[in-house]
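Subject: Structure handover

Hello,

Here is the structure I promised to pass on. Please open it alongside these notes.

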Amino acid sequence: VDFKSEWTMNHSKSVSVLADHIARLYGLDEKKCFSLRIAGYLHDIGKIAIPIEVLDKPGKLDTNEYKTIKMHATYSSLILSRIPALGDIAKWAMLHHEKHDKSGYPLGKGAVDFTIEMDILAFADIFAALAENRPYRAALTQEKILELLKSFTPDLLDASVYDVIEKNMSFLYEVNASAGKISY
């Protein structure tokens, strides 16, 4: 998928690096931080099945295009669930669009199904998306990103993860900006 869409490649790098750094700042152990880094790289693997016209569309998606893009989470689940050795890494990557109130997708999981790693990956995904130039809008400022991330707490994602992001916003914003310069 990274070769299919340049912005998707940069996004995967950003999510990976942000998830790792947020996990470290949160106090998770080295193994979990490393696992979250891998989950960040894999979280959008299902976009391989999404048409490039939808992935890189410069304007707002229509209803059918939005349904199509949301399918990437299901495709990610289908791909990653076939690799048992990934264990929690696959689970975190597959469920990065789930929310505590069950409004997420693809499975409508709720707070009881969440782990802190899922919250960290979900916040890293949202943070990266907001901080990147996208085909349809420019990157947002640190202030605007914090405002939007705050709106996810406490009903949709864990407030303690947001608190870590808020306290370390300047650092994480720089981490995100540098992530695109990482080469495989």
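Below are notes on one helix and on the charged side chains. Please keep in mind that this is a predicted model.

Helix 2 first. It runs over residues 30-42 and has 13 residues. From first C-alpha to last it reaches 19 Å, close to the 18 Å expected at 1.5 Å a residue. Cys33, Ser35, Leu36, Ala39 and Gly40 are buried in this helix. They sit on the same side of helix 2, because they cover an arc of only 165° around the axis. Lys31 and Phe34 are exposed, on the face turned away from the buried side.

Next, the salt bridges. The whole structure holds seven. Among them:

- Glu30 with Arg24, closest N and O atoms 2.7 Å apart. Arg24 is partly exposed, at 38% relative accessible area. A network of salt bridges links Asp20, Arg24, Glu30 and Arg37.
- Glu65 with Lys57, closest N and O atoms 2.6 Å apart. Glu65 is buried at 17%, whereas Lys57 is partly exposed at 22%.
- Lys144 with Glu147, closest N and O atoms 3.2 Å apart. Both lie in helix 7 (residues 142-150), three residues apart, about one turn of the helix. Lys144 is partly exposed, at 34%.

Last, the rings. The search found zero aromatic pairs. There is a charge over a ring, though: the charged end of Lys70 sits over Tyr105, 4.8 Å from the ring centre.

Best wishes

Terms used. Residues are numbered from 1 along each chain as its sequence is written. This is a predicted model: local features need pLDDT of at least 70, side-chain atom pairs count only at pLDDT 80 or more; totals for chains, interfaces and linings use all residues. Side-chain values use heavy atoms; hydrogens and water are left out. Helices (H or I, at least four residues) and strands (E, at least two) are DSSP runs, numbered from the N terminus. The expected span of a helix is 1.5 Å times one less than its number of residues. Buried means under 20% relative accessible area, exposed over 50%, partly exposed in between (1.4 Å probe, protein chains only). The arc is that of the directions from the helix axis to the C-beta atoms. Rings of Phe, Tyr and Trp (its six-membered ring) pair if their centres lie within 6.5 Å; planes under 30 degrees apart count as stacked, over 60 as edge-to-face and the rest as tilted. A charge sits over a ring if NZ of Lys or CZ of Arg is within 6 Å of the ring centre and within 35 degrees of the ring normal. A salt bridge is a side-chain nitrogen of Lys or Arg within 4 Å of a carboxyl oxygen of Asp or Glu.
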